[in-house]
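This report describes selected features of one protein model.

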Amino acid sequence: MNTFFNGIEKIAYEGADSSNPLAFHHYDPDQLVLGKPMRDQLRFAVAFWHSLAWPGTDPFGGPTFERPWFDLEGDRTRPDSPMQAARLKARTAFELFDILGTPYFCFHDADVRPEGDSLAESISNLNAIADLFEQEMARTGVKLLWGTANLFSHRRFMAGAATNPDPDVFAYAAATIKANMDVTHRLGGENYVLWGGREGYETLLNTSLSREMDQMGRMLALVVDYKHRIGFPGTILLEPKPQEPTKHQYDFDVATVYGFLRKYGLENEVRVNIEVGHAILAGHSFEHEVALAIAHGIFGSIDMNRNDYQSGWDTDQFPNNVPEVALAYYHILKAGGFDTGGTNFDAKLRRQSLDPLDLVHAHIGAMDVCARALKAAAALIEDATLDDMLEARYRGWDDATARKMLAGGMSLEEISSHVLEKGLDPQPVSGRQEYLENLINRFV
Ligand code: XUL
Ligand code: CO
């Protein structure tokens, strides 16, 4: 074993004083944070896509990474070579999970199996790789956080999957989702993700918004119905993103997704998978998206990959901003932590980071950033100043009249009389933002 990674040993926790780059400095899986081992608080997952299937391309240049399975994938002269490539890639993936000690992984069908000449062949390829996954999962104890279908790379999906003007594409997408839900269920996946890569539009000149929204609502209702019929115990997750690849994506952000779920009556069935970079693209902060999802009761899971703050597109970089991550975990921990969700790295190396070792360093760094942020968030909660000040800010609402007013027990006339009779003259109080920012700075 351990061939691609050339003998790299399992990464161990050595503490903040260690200078060993192949050690964790903050992620100690067994350390208790708010009464739970860090392993179970963070629930780390490695994404197959960018870590194993992305070849280092960018809009101006071809592949930069040389991975042994890429050569086999392209060799169509030997009929089994794309499947050999898929098996080699899968074994290498589990080597990586083993080295890092990440408890979970995530995949898209297109990352793990070669596309067949027909849907039936693609599904049979997927099932064959799932057999190998089962063996590797049993060998290593690594579990599946989520599975998903890639309904955006192939040209058949260029005008959308669920939102395609052609009903045959809708049906093809539905059949693909079914196959992926079956595999996710078989592998004990804890969630099933839908990210609408092509569910949006390039121009309104050729787009009927009302039709496309109804088509998306129908697809999601079919998914929820199938989940219940097969007894899939996991969570269905939608992943918001405002644009890219399409100019406008329907799952723009958490607020938009919540409105969409309400419109189609699915707000109690579906939650969100929030990605740092997608929040930034939508003009929000990551903690805003997390906090809003929690406020709406639809928080599910996170993809902890960030954008470059200058470039303005989805660069999917590994996280390295502790305060940003800490504030998100603060909200997650305050809400009781992850349920079926976890911390997935849907992140890719920079295209000059050619070596297998770069993949290991990227994940070590990302896991350490998250661990450090988690500890800071827990310390903020234990300190309780932030929470106490928030509570105090709204304390006026404990008053009987205030409660009656909020519960709908007073009309506008009654409220008006109340103000006039009492001679109310509310005085502004400081929001103390700088004080609070200084407080955060003590913990991160
Ligand atoms: C794309 C993206 C996807 C989803 C799953 O921006 O983040 O990988 O996480 O399809
Ligand atoms: Co993602």
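In this predicted model, Cys370 is buried, because its relative accessibility is 0%. Cys106 is likewise classed as buried, with a relative accessible area of 1%. A disulfide is a covalent bond between the sulfur atoms of two cysteines. The closest cysteine sulfur to that of Cys106 belongs to Cys370 and lies 13 Å away, which is too far for a bond. Cys370 takes part in no disulfide, since its nearest cysteine sulfur, in Cys106, is at that distance of 13 Å. The cut-off for a disulfide is 2.5 Å between the sulfur atoms, and by this rule the count is 0 disulfides.

**Helix H13**

Met367 is located in helix H13. Its relative accessibility of 0% places Met367 among the buried residues. Between the C-alpha atoms of Met367 and Leu32 the distance is 16 Å, although 335 residues separate the two in sequence.

**The cobalt site**

Which protein residues donate to the cobalt ion (ligand 2)? They are Glu239 and Glu275, each through OE, and Asp303 and Asp346, each through OD, at 1.9 to 2.2 Å from the ion. Along the sequence, the donor residues of the cobalt ion (ligand 2) follow the spacing E-x35-E-x27-D-x42-D. Asp303 belongs to strand E13 (residues 299–303), whereas Asp346 sits in the loop between strand E14 (343–345) and helix H13 (356–383), so this pair ties together parts that are 43 residues apart in sequence.

Why is the arrangement around the cobalt ion (ligand 2) irregular? The 6 donor atoms subtend angles of 76 to 172°, and the arrangement is therefore irregular. For six donors to count as octahedral, opposite donors must be over 155 degrees apart and all others between 65 and 115.

Asp303 is buried at a relative accessible area of 0%, and Asp346 is buried at 7%.

**Salt bridges**

Side chains of opposite charge can pair when their charged atoms come close. The structure holds 21 salt bridges. Three of them are set out below, with the separation of nitrogen and oxygen and the accessibility of each partner.

| Salt bridge | N to O distance | Relative accessibility of the Lys or Arg | Relative accessibility of the Asp |
|---|---|---|---|
| Arg229 and Asp225 | 3.2 Å | Arg229, 60% (exposed) | Asp225, 36% (partly exposed) |
| Lys241 and Asp314 | 2.7 Å | Lys241, 4% (buried) | Asp314, 4% (buried) |
| Lys348 and Asp316 | 4.0 Å | Lys348, 14% (buried) | Asp316, 5% (buried) |

Arg229 and Asp225 are both part of helix H8 (residues 209–230), where they are 4 residues apart, about one turn of the helix. Arg229 is exposed at a relative accessible area of 60%, while Asp225 is partly exposed at 36%.

The salt bridge of Lys241 with Asp314 has its closest N and O atoms 2.7 Å apart. Lys241 is buried at a relative accessible area of 4%, and Asp314 is buried at 4% relative accessibility.

The salt bridge of Lys348 with Asp316 has its closest N and O atoms 4.0 Å apart. Lys348 occupies the loop between E14 and H13, and Asp316 the loop between E13 and H12, so the pair ties together parts that are 32 residues apart in sequence. Lys348 is buried at a relative accessible area of 14%, as is Asp316 at 5%.

Beyond these pairs, Asp109, Arg113, Glu115 and Arg156 are joined into one network by salt bridges that share partners.

**A nonpolar surface patch**

Leu390, Tyr394, Trp397 and Leu406 make a nonpolar surface patch of about 460 Å². One of these residues, Leu390, lies in helix H14 (residues 385–393). Is Leu390 buried or partly exposed? Leu390 counts as partly exposed because its relative accessibility is 48%. The C-alpha atom of Leu390 is separated by 9.9 Å from that of Gly431, which is 41 residues away along the chain.

How values were computed
Residues numbered from 1 in each chain as written. Chains lettered and ligands numbered in written order. Predicted model: local features only at pLDDT ≥ 70, side-chain atom pairs only at ≥ 80, totals over all residues. Heavy atoms only, no water. Patch = residues over 30% accessible without salt bridge, like charges linked within 9 Å, V, L, I, M, F, W, Y side chains within 5 Å. Areas by Shrake-Rupley, 256 points an atom, 1.4 Å probe, with all protein chains shown as cover. Salt bridge = Lys/Arg side-chain N within 4 Å of Asp/Glu carboxyl O. Helix = DSSP H or I, 4+ residues; strand = E, 2+ residues; numbered from the N terminus. Buried < 20%, exposed > 50% of the residue type's maximum accessible area, 1.4 Å probe, protein only. Donors = N, O, S within 2.8 Å, 3.2 Å for Na, K, Ca; no water. Tetrahedral: all angles 85-135°; square planar, octahedral: opposite > 155°, others 65-115°.
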